[in-house]
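Good morning. Please look at the model on the screen while I go through some of its parts.

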Amino acid sequence: MRLSQLFFKTFKEAPHDADIPSHQLLERAGLIKRLARGHYTYTPIMMRVLSKMKTIIREELEKEGAQEVLMPIMQPKSIWEESGRWAAYKAEKLTYIIQDRDENEYCLGPTHEEAVTSLVKNWITSYKQLPMNLYQISNKFRDEIRPRFGLMRSKEFFMKDAYSFCANVEQMQEQYQKMRRAYQKIFERLGLEYVIVQADSGKIGDGKSEEFQLVADVGEDSVLIAGDLAFNSEKAPCTPKDFKYPKHNEAIEKFSTPGIKTIEEQVKFVDQPSQMMLKTLIYKIVYEDKTEFAAVGIRADREINTVKLTNYFEALEVELASEQEIKKATGSEIGFIGPIKCLIDFVADNTCRNMHNFMCGANEKDLHFKNVQWKRDCDEPTFYDFCQAKAGDQCPLAQGEVYEEKRGIEVGHIFNLGNKYSTSLEAFYQTENGKPEALLMGCFGLGVGRCIQGAVEQKYDEKGIIWPSEIAPFQILLTPVNVKDQDQMQAAEKIYKQLQEMGLEVLFDDRKERLGFKLKDSDLLGMPYKMIIGKNFLSDKEIEIEPRQGDKANISQDYLKDWIEESFGA
């Protein structure tokens, strides 16, 4: 490819909304261009990177027996209602809902469990056809509230999603391990630092669930690691540090706290540590057919994990109740809610279990209790792990280990689905005994654009991108020192043809620009090697080679073929 003919442009400055290095570099290098918030155009050079990324994915998945399909992006409401997910996704307000001319509703697919189950229904009819694994690489849509970080959190994105269909649990686990292995090989081929973490399946899954996180300082996810175990912070079980409460018994006492609504104000007002206080939050629990309210207590120095809370109530979602809703549900006000004579269900985090002589709201404005004891002063609530884990907490599943925190970019998620979708959409097969059984399924997602940008986030320097060799858009940038020198241009043309004949991907920078300008563009684009044809070539047949990382070298034209074989295995 001649750079003079390429649809291409680089920029000295990144757009004002590009907040992280990888996003800045992709835009500065002219690899992506924003069309609207959360929507990006991939330019020709970026399409080469995307194509190579897809090739790696296809190769590793197909080694494990997966087969490629392509399903419609626009999916009818009917199949989502059959699975029971239409209301949940619509309530989340992140799914694009559209209508056709006959007023039939559709969604732009954020995922394809229903579509793929409909595909195999009545096609997979016997245990003899199982297991089966189908995958696609296509666009997905999600109406992000706050799209940011370029391809990391966008409204339209490329995703690889695979779905396994199995006759029994053994097959389902085998397929899970195959996909897990394929993902590991993909990231190893890219040379990326990643961690596999236990995760929550969300509204999609129903069973074992793991995320693949690329380690990066700008990662939006908190990854908690304890020994050989790693968790997304949404999933991480935790045992916070104990607090020594006074063992003696004190009489419960109601006291005035005028205008004291926050924990910070309370700590200052009573001159006691926050661990002596029970914090109570009121949540609206949303189900498909009803909405309820619940009071949730936690030791005041800790925060509630809403994913754990949602799973505990088996709800579509939970959200903090409004001030008006709190007054209506409890008869009290924000900042003064507590477990004593609470008018709604009260549950508490495990941090509250050992609390003794603690303080809490009195369910009356401007009043709190102190010296409260479970059982004596109020019923002991149901205790559960609702706590948001953090670094320094003990992991109850790793004896003696405490969590270390890293930031991660979620790029892959694998989980078992069981028969959740096959049962609701009536996708059955005949067992060896001739009985109908629902197919057992797994789901395996990989964010393609996120992987590409994640690779940039892990590998860059002050000059620009440093691509993993397998997805670099070109292997070599070739340029003469002086395009006005006809001898240099003719020599560069001959080398260009020679390299192409050897099967190399060469970007020939034949633009009438200064050499320094062209070399800066090459570094910004992340070209693995720059090959420079100058006066030394004309006099001594020496080619200057400058790797993106490493020392420069001069090689003889006679040694070029050997250098190519050593560098690229060509």
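I start with a sorting rule: Ala, Val, Leu, Ile, Met, Phe, Trp, Tyr, Cys and Pro count as nonpolar, Asp, Glu, Lys and Arg as charged, and the others, Gly among them, as polar. This is a predicted model, in which local features need pLDDT of at least 70 and side-chain atom pairs count only at pLDDT 80 or more, while totals for chains, interfaces and linings use all residues. Residues are numbered from 1 along each chain as its sequence is written, and side-chain values use heavy atoms, with hydrogens and water left out.

We work on a 1 Å grid over the protein atoms alone: a cavity is a set of points where a 1.4 Å probe fits but cannot get out, a pocket is an open set with protein on both sides within 12 Å along at least five of seven lines, and lining residues have an atom within 4 Å of a point. Grid points are joined across faces, edges and corners, and a volume is the space filled by probe spheres set on the points.

How many cavities of 30 Å³ or more does a search of the whole structure find? There are two. The largest cavity holds about 50 Å³ of space. Its lining consists of Ile20, Phe149, Met152, Val218, Gly219, Glu220, Ile409 and Arg450. By the sorting rule, that is five nonpolar, one polar and two charged.

The second largest cavity holds about 30 Å³. Around this second cavity are Trp80, Arg85, Trp86, Tyr89, Lys90, Thr95, Ile97 and Cys107, and they divide into five nonpolar, one polar and two charged. Helix α4 (residues 86–92) gives the largest share of that lining, three residues. On the names: helices (H or I, at least four residues) and strands (E, at least two) are DSSP runs, numbered from the N terminus.

Next, a pocket. The second largest pocket has a volume of about 360 Å³. Its lining has 21 residues, with Lys261, Lys279, Thr280, Leu281 and Gly335 nearest the centre. Which element supplies the largest share of the lining of this pocket? That is β14, with five residues. The 21 residues divide into 13 nonpolar, six polar and two charged.

β14 also belongs to a sheet. Strands of a sheet pair through backbone hydrogen bonds, either parallel or antiparallel. Here, two strands pair if DSSP finds at least two bridges between them. Five strands form an open sheet with mixed pairing, in the order β16-β14-β15-β17-β20. β16 (317–320) and β20 (382–384) stand at the edges with a single partner strand each, so one side of each is left without a neighbour in the sheet. From one strand to the next the twist averages 35 degrees. Angles run from 0 to 180 degrees between N-to-C directions, and axes are lines fitted to C-alpha atoms, for helices over the stretch in contact. Strand β17 (residues 345–349) pairs with β20 in the parallel sense over three bridges, and phenylalanine 383 in β20 is the bridge partner of alanine 348.

There is another open sheet of five strands, β28-β27-β29-β30-β31, again with mixed pairing. Its edge strands, β28 (506–508) and β31 (553–556), each pair on one side only. Its twist averages 25 degrees from one strand to the next. Inside it, strand β29 (residues 529–533) and strand β30 (residues 542–547) pair in the antiparallel sense over four bridges, with methionine 531 opposite isoleucine 545.

Now two helices. Helix α1 (residues 21–28) and helix α11 (residues 448–458) pack at about 105 degrees, with their axes 8 Å apart. That makes α1 roughly perpendicular to α11, since angles of 65 to 115 degrees count as roughly perpendicular, under 35 as roughly parallel, over 145 as roughly antiparallel and the rest as oblique. In contact, which means heavy atoms within 4.5 Å, Pro21, Ser22, His23, Leu25 and Leu26 in α1 meet Gln453, Val456 and Glu457 in α11.

Last, the backbone. Most residues other than glycine have a negative phi, and most peptide bonds are trans. Glutamate 103 has a positive phi of about 65 degrees and lies in the loop between β5 (97–99) and β6 (105–108). The peptide bond from leucine 130 to proline 131 is cis, with omega near 5 degrees.
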